[in-house]
Amino acid sequence: MKTRLMQGALAALLAVGVAGCGKTDAISGLDGGADTDGGVCLDGGCAEPDCADGVKNGAETDLDCGGPCAPCATGAGCQAPEDCQSSLCLTGVCSVPSCMDGVRDGTETDVDCGGGQCPPCGFMHGCSVDADCANALACGPEKTCGGCVEGFADCDGDPSQNGCEVDTRTDAQNCGACGVVCPDMNVMDPACVEGVCGGSCEGGFADCDGDFAGTGCEVDTTSDVHHCGGCGIDCDAQIPNAVTSCASSTCALVGCQPGYYDLDGVLTNGCEYACTFQSSNDLPDDGFVDANCDGVDGDMADAVFVSTVNGRDDNPGTRAAPVKTIGEGIALAVANGRHQVLVNSGTYLEQVVLHSGVSLYGGYDLLWVRGTGNVPFITSNTAASGRITAVEGVNVLQPTTVDGFKIATSSALFPGGDVFSVYCDNCPGLDLRNNVITAGDGGPGSAGLDGDPGTAGTQGGPGGPGACDKAGPGGPGGAIGGSACGGFGGPGGAGGFYGMNPGMPGQIAVGGAPGGPAGAGGPVGQPGGNGSNGAPGAPGAPGAGGSGGSIVAGNFLSTAGAPGGAGADGNGGGGG
């Protein structure tokens, strides 16, 4: 342990008489004569440093304790005359505090010990001027600054020239620390405020990685598909299953990912329809397969859409805006060079006239999904050209399909009317598939003409004698007259009762049509008059209706009804 001595105390110690080593023990401050043992300093603590190395360190020898060191100017460890006081070299132990930290703690150097006060910093440790330690806590050995005042830094690494030369609170090239450069890329008014880089992003740019000091406003939000219109607005997430782009800060659909299609044109659900492409040629089929992935079983680009539920005949006939009637659908297809008319389920009260090369396909629901439960119904009660038809055509030469309908007609109410659910004349291109076809009854046959009137019957025989000469009835009537067609007249009237009574009228003919009325009885004693002609015969029975039919030369012919029965013969006239 070394004892630090003030200058005044050191002089007092040197004046004390010595015993043993002859010097005051630096540790105890006493010379009790017990400091030697055979000429050896037992405690190793003399008041002077070891002259061999100029350091008072407890390693002094007897020789060291016997006398003063050599003159300081040439003594070991002494660097200059001012380092020596009372012939003692005070290296390492100054009488004043260290100029570095103001504490007298044994770390003082030779220069520190040069006077009663610490010299200005500019003269400490080789610092030449005060500026060498600008904004520094202190100037250390070899012109090093003992730390920087808060908010400043030695960024050039040369404290000997300018100390802590950078204000890191405001320097945009060293903001908060040396080398932290505030970005100016896409930044308006870049600045360093209180050691933090600041400024605002130019229009259309944003700091999306959160590292403003490192990358600034690194994203162009007007064109970045992952930050479109703002950080984190990802077009791929906004428009599912799609290939996207960003333009003018707005996401756009460029195309669909493989296996997906955009059918509804709604941006928010992207390419919502999943489908496996099979063929660009898509005719509606029995498996209801959307072969070309356009959203319907059929070719949307070659089709007109018909719906009795939400259609209008002034619509363009698209999937979103269908027409109302099948006839209008066919007309639009012909006008626009299309070949498919796709029909929604429902009832269509109309006569459909086919056009060669334009096919009709039923089975669609309101979402235009095709299935077996969506059968449209075509029905008609309109008569034209002496017939009622629901579907008809003439000269259908090109392939024309009618598929997936229920087709029916009402019965004909006018005499002799024909009924055809499907009527087509010269139609080798017509293909009827998956339809249910029924027809109403044909009209009744025309009434037969009246038969010719029967010939007049022959006169009946003369009546029997009257009863004028005896009591009782008169004589019997004349015999029944015949006719050319086998009918007979009625019996003649009997004679009158006795007395002045007229004869009885002739009787009505019996059987078949009624005979003519009986003739009036004659006057007393005279023959009765002739009876009238018989009435016409009754109408004949109706003929039986036709049933079924057959295909002849590619045309369906129904079986004709049977002719009506003959009318009955008329009978003879009444009796006279």
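A residue is classed as buried when its relative accessible area is under 20%. Asn186, with a relative accessible area of 17%, is therefore buried. This assignment, like the others reported here, refers to a predicted model. Asn186 occupies the loop between β6 (166-167) and β7 (187-193). The backbone of Asn186 has a positive phi, near 60°, in a residue other than glycine. Most residues other than glycine have a negative phi.

For the protein as a whole, 33% of the 576 residues are buried. Six helices and 29 strands make up the secondary structure. Among contacts with a separation of 6 or more, 42% are between residues 24 or more positions apart.

Phe288 is placed in the loop between β14 and β15. Because its relative accessible area is 32%, Phe288 is classed as partly exposed. Phe288 is one of the residues touched by Arg370.

Arg370 itself lies in the loop between β19 (359-364) and β20 (377-380). With a relative accessibility of 9%, Arg370 falls under the 20% cut-off and therefore counts as buried. Two backbone oxygens are approached by the side chain of Arg370: that of Asp285 at 3.1 Å, and that of Gly362, which is 2.7 Å from a polar atom of the side chain. Beyond residues up to four places away in sequence, Arg370 touches Pro284, Asp285, Phe288, Asp297, Tyr361, Gly362, Gly363, Tyr364 and Asp403.

Asp403 is likewise touched by Asp286, a residue of the loop between β14 (273-274) and β15 (303-306). The relative accessibility of Asp286 is 48%, so this residue counts as partly exposed; the exposed class begins over 50%. When residues up to four places away in sequence are set aside, the contacts of Asp286 are Asp403, Arg433 and Asn434. Polar contacts join the side chain of Asp286 to that of Arg433 at 3.3 Å and to that of Asn434 at 3.1 Å. Asp286 and Arg433 are separated by 147 residues in sequence, with a C-alpha to C-alpha distance of 9.8 Å.

Technical notes
Residues numbered from 1 in each chain as written. Predicted model: local features only at pLDDT ≥ 70, side-chain atom pairs only at ≥ 80, totals over all residues. Heavy atoms only, no water. Helix = DSSP H or I, 4+ residues; strand = E, 2+ residues; numbered from the N terminus. Buried < 20%, exposed > 50% of the residue type's maximum accessible area, 1.4 Å probe, protein only. Contact = heavy atoms within 4.5 Å. Polar contact = N/O pair within 3.5 Å; in protein donor to acceptor, adjacent residues only side chain to side chain.
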